[in-house]
Structures are given as C-alpha cells and as structure tokens.
Amino acid sequence: MRKSLAVLASVLALQACSKEAAQSDSTAATTPAAATPAAPAARADSTPPAATATAPMKNAAGRDIGTLTLTDTPQGIMVMGNLTGLTAGEHGIHIHMVGQCQPPFTSAGVHWNPTNRQHGSLNPQGPHLGDMPNITVAADGSATVHLTTASGGTLHGANLVMDVDGASVVVHAMADDLRTDPSGNSGDRVACGVVTAG
Ligand SMILES: [Cu+2]
C-alpha cells in the first residue's frame, strides 16, 4: 500500500512536472516531488468542463466502437471516452487533419500539425499538435481513453482543429513509438471518427 501510494505520487508528480515544463514554469523544478498527496484533488481535469465536440468512432467495417468527447483545456484538447472492439495491446491515436472517415481512413489525411513540427512527444523536432500518448486496449477489446493532445492546440481558438475541412480522431493498428515521423510506426488505421461540434 505504502509503495503503491509512493508510485502513484511520483507518477502524478511526473505529470505535474511535464505540464509545468510545457508552460516553462521554472518553479516546477524546485517543487518538492511527492510531498503533496492532496494535489490530485486539485488537478484541473478532475472536474471535466462542458463538452465541445464529439468523435463517433467506427472501425473499417463501419461498426460503431464508441464515441470520444473532445474538450478544450489549458493543457491541450482532452479526449475522453470508452472504445470497444479493438485488438488488445497499445495503439497509436491521433487527431488527423481532415474530417472524413472512409475506410481505410486515408481520407482523414495526415496528422493535425498546424505548427509544422515532426511527429512525437519524444522527437526533439516534435510534436504534432494532434499527437497523444497511446491507448491500452484490454484483452476484451475495450479501452478507456483519457488523453490530452500536445499543448498549443484548441478546438475553436488559436491553432483551431475545427477548420474548414474539419478533423478526425484515428486509432492505429499498432503502438506509436512517439518518436518516428510521420506517425510513430503505428501502422494501419483501424478506426476513425469525424470531430463534430457540440
Ligand atoms: Cu494517426
């Protein structure tokens, strides 16, 4: 118990640090790590704000596999929801440029990348604003999605994702290595959902 709490605390501290670093807050480095177990309750995403877009996800056979909700946050666009019918393991998931999802989903275009960076949070030339960490799919094919895109993009504000040709959320067949341009060697596109306002 004690150990798991410590691990949890350090994970939360890491998340906090990476968020602080993204905002180039120099005080983050001197904040005592894991010293504030009450911090998680104060996290901005503990009370989700109103949804501002959804992405109804379908697989290549046209089957509904769940709907994701997209919300602007100070850290980026938060993507949440539950998916089913995927293969177990890690899968890349990104926001792509075009709001069209005809199988095999090449219609969704490349990654949403209004700042002309390379792909991946681990890439020194990255990331794309549409990049997100991987999702982990359980043995029963389900996944709980709770991710935030790279900092700097919004649904409706600066670097907006909802431009004239829209946007889509795409799930890939394999894990994203978060480093290799242009899509982290994450393979085929296995599910897609057009980002729809409201
Ligand atoms: Cu992708």
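Which residues have the most contacts inside the largest nonpolar core? They are M57, V79, V169 and V195, in a core of 35 residues. A nonpolar core here is a set of buried Ala, Val, Leu, Ile, Met, Phe, Trp, Tyr and Cys residues joined through C-beta atoms within 7 Å.

## What you're looking at

This is a predicted model, where local features need pLDDT of at least 70 and side-chain atom pairs count only at pLDDT 80 or more, while totals for chains, interfaces and linings use all residues. Residue numbers start from 1 along each chain as its sequence is written.

Of the 198 residues in the protein chain, 32% are buried. Buried means 20 or more other C-beta atoms within 10 Å of a residue's own, exposed means 12 or fewer, and partly exposed is in between, with C-beta atoms placed from the backbone.

Now for contacts, which need two C-beta atoms, placed from the backbone, to lie within 7 Å. Among the contacts in the protein chain with a separation of 6 or more, 58% link residues 24 or more positions apart.

The elements that give it two or more residues are β1 (53–59), β2 (64–73), β3 (76–83), β5, β6, β7 (143–148), β8 and β9 (189–194). As a rule, nonpolar side chains tend to be buried together in soluble globular proteins.

Leaving out residues up to four places away in sequence, V195 touches A53, A55, L70, G99, V161, M162, G166, A167, S168 and V169.

Strand β5 (residues 93–96) is covered on both faces. I93 and I95 are buried on one side, and H94 and H96 are buried on the other. In a regular strand, side chains alternate between the two faces of the sheet.

β5 runs antiparallel to strand β8 (residues 168–172), with four bridges joining them; two strands count as paired if DSSP finds at least two bridges between them. H96 stands opposite S168 in β8.

G130 sits in the loop between β5 and β6 (135–137). G130 counts as buried because it has 26 C-beta neighbours inside 10 Å. Beyond residues up to four places away in sequence, G130 touches H94, I95, H96, H111, W112, N113 and T149. C-alpha to C-alpha, G130 is 9.4 Å from S151, and the two are 21 residues apart in sequence.

Most residues other than glycine have a negative phi, and most peptide bonds are trans. The loop between β5 and β6 holds P127, and the peptide bond from G126 to P127 is cis, with omega near -5 degrees. N116 is in the loop between β5 and β6 too; N116 isn't a glycine, but has a positive phi of about 55 degrees. N116 counts as exposed because it has 7 C-beta neighbours inside 10 Å.

Next comes the loop between β8 and β9, where P182 is found. The peptide bond from D181 to P182 is cis, with omega near 5 degrees. N185 also lies in the loop between β8 and β9, and this non-glycine residue has a positive phi of about 55 degrees. With 16 other C-beta atoms within 10 Å, N185 is partly exposed.
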